Amino acid sequence: MIKTVKTVDLSGKRVIMRVDFNVPMKDGVVQDDTRIVAAIPTIKYILAHGAKTLTLMSHLGDPSKDAKKAEEKAVKDGKSFDKDKYIKGKHRMEPIAAYLQKKLGKNATVVFAGEDGCYNKKAFIDSQKPGTVIMLENTRFHKEETSDDAKERDKLAKALAEYGDIFVNDAFGTAHRDHASTASIAKFIDVSVAGLLMEKEVNYLEPIVTNPVKPMVAIIGGAKVSSKIAVLESLLKNSAALVIGGGMAYTFLKAQGKKIGKSLVEDDQIDTANRILETAKKAGVEIVLPVDHVGAEKFDAAAKPVAVASVNIPDKLIAMDVGPKTLALYKKVISTAKTIVWNGPVGVFEFDAFAKGTEEVAKLVASMTEKGVITVVGGGDSVAAVNKFKLASKMSHVSTGGGASLELLEGKKLPGIEVTRCRDYFVAGNWKMHLTRAEAANLAKALVKSLKGGKRKYMAAPSFTALETVGEILSGSNILLGAQNCAAEEQGAHTGEVSVLQLKDLGVSVIILGHSERRHIYKEDDALINQKVKLALTHGFEVILCIGETLDEREKGKVEAVCKGQTEKGLAGVTAGELSRITIAYEPVWAIGTGKTATPDDAQKVHKFVRGVIENLYGAMVARQIVIQYGGSVKPENAAQLMAMEDIDGALVGGASLKAEDFAKIAKF
Ligand code: PEP
């Protein structure tokens, strides 16, 4: 969960906020203010809640790269080039500060901190009247902002951190960049939170990858397969159907042996297209490709549209849009969705003669919003399309980030979002080898009802036999479907085992690994557990990695050594990025199913120690964010005291999870 500006006390505080004011500029005049306007609710919120000062930082183009390009072009065209004038008109923040002042009106004062850069501004900021908004110069005038060297980035980040007690990141458009002002700054400031725009973006985009309301249909278009491979693969995991259009569709059609005329194709992506088609088939995801087209002899706005009634395209034509039969097919599939995510146009909508397909899709998606379907549009071109057809306000959410929304849909962790993430209480139930399918269904139904609207993270892990039944009941709820184990191999001759592919097929998103019953009854060792952890992560699962000492080990004073060893060995080869999908469950073996519980102080001691182990392996920021659950006879009566401890972030519950009422009480502690 991300922590937002709404959760902190702003009164009398100095706030430093990263915004994305990277707007198109011409001669110092703002050409499109969408991004400035998008940040205003957060600015107003911060001022209304009594912040002492609000210092804004943003990039605005890239002065040195852009100037170099512009100069080269001028030389090529035989024109003179005035670098200072060029930079003044395109990259200086002073006109943006003036623009913001106009937008905020009389109720706020906006001052520009000067063209001399972002360093040494503390005295200037501290001398401002309470409630002043200070606009810093373009952060990209400093090479440290985007440096690949973390130490260099830290130099600027440290200076910026001095201007605030609280860091707010509202720059969703740059959240995928690991820059000094977007991410490194969080290392030097105690409180890092998301602004309201960032919150909205994450709230709409993240569930698409983690737990969408199903069935979900993804509409993916745009020119190239190569730029959409990761997003296609990621969306396959949760979609009932992938509707493919735009230039990229023709690489897929060629892969299927269809004739595509002179249409856009990436021959080096044919294998990728085949692989995606194969994965979709295995996963039971319907792939919808164009079955007719609107073509043209040349790629030109003035080209004459030619209807192509069949899937095969004549040699001399380029496909520029989808045809009516395709639109009917799209409509049939899209109309079944409860969530629609759209990334990329289905035709060359920029040319009016070839815009019909994209316009019809936009209208259809808009009409689905009216029916209560969640509709999310992300990615530069599809956003431009819904704006062109004046349908943006008819979507549940239109993302302000191009690259950032694409990366989020690819399932990546974005640095600018990760720094605002706080440890989310995660309460998970392990139903072990209990319950028939009918009993499991009743329990799942009761849980969905009692946890409805709950804002924490919940999971229920039934036995393998009940996964499908329970999965159907949990679908679209706020409870994740968990599995209690998986095989260490993807598939093959492993009698009695269950593979990650089969778990994926059932909609499982979390796997419990290294449970003490697996370690001690089934003799699983750290190497095997690690193999399973890595396999599960590779297939996009979240993992609850269980660790904990036996009574004998506790009595011999080996608690820390055991927990350190199991953590380090269980996570061997797991990257810092992957760690965001790991929860650790500290479960002292002597407390599991015995009715004995570690005292809150004892448990806290071990949790703190384990967080330290993570810090040594992955650094302080990652350690701050990893969720460490406690497990071992957690009950409604002891949950609150345990959860009150600083390093205990939730519970893995066995026995008490079999009663909906008890589990709900624990979850709501
Ligand atoms: C468990 O199985 O992970 C567990 C903690 O069980 P119980 O809550 O019954 O001790």
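User: Why is Tyr 425 called partly exposed?

Analyst: This is a predicted model, and every value here is computed from it. Tyr 425 has a relative accessible area of 27%.

User: What makes Tyr 425 and Phe 669 an edge-to-face pair?

Analyst: Their ring centres are 5.0 Å apart, and the limit for a pair is 6.5 Å. The planes make an angle of 75 degrees; over 60 counts as edge-to-face, so the label follows. Phe 669 is also partly exposed, at 26%.

User: How do you know that this pair links distant parts of the chain?

Analyst: Tyr 425 is in the loop between α15 (415-418) and β18 (426-430), while Phe 669 is in the segment after α27 (660-667). The two are 244 residues apart.

User: How many aromatic pairs does the structure hold?

Analyst: Five. Among them is Phe 81 with Tyr 86, at 5.4 Å centre to centre.

User: Why is the pair of Phe 81 and Tyr 86 called tilted?

Analyst: The angle between the planes is 50 degrees. Stacked needs under 30 and edge-to-face over 60, so 50 degrees leaves tilted.

User: Why does Tyr 86 count as partly exposed and not buried?

Analyst: Its relative accessibility is 21%.

User: Where does the charged end of Lys 504 sit?

Analyst: Over the ring of Phe 541, 4.2 Å from its centre. Lys 457 lies over the face of Phe 426, with 4.6 Å to the ring centre. Both distances are within the 6 Å limit.

How values were computed:
Residues numbered from 1 in each chain as written. Predicted model: local features only at pLDDT ≥ 70, side-chain atom pairs only at ≥ 80, totals over all residues. Heavy atoms only, no water. Phe/Tyr/Trp six-rings, centres within 6.5 Å; stacked < 30°, edge-to-face > 60°. Buried < 20%, exposed > 50% of the residue type's maximum accessible area, 1.4 Å probe, protein only. Helix = DSSP H or I, 4+ residues; strand = E, 2+ residues; numbered from the N terminus. Lys NZ or Arg CZ within 6 Å of the ring centre and 35° of its normal.
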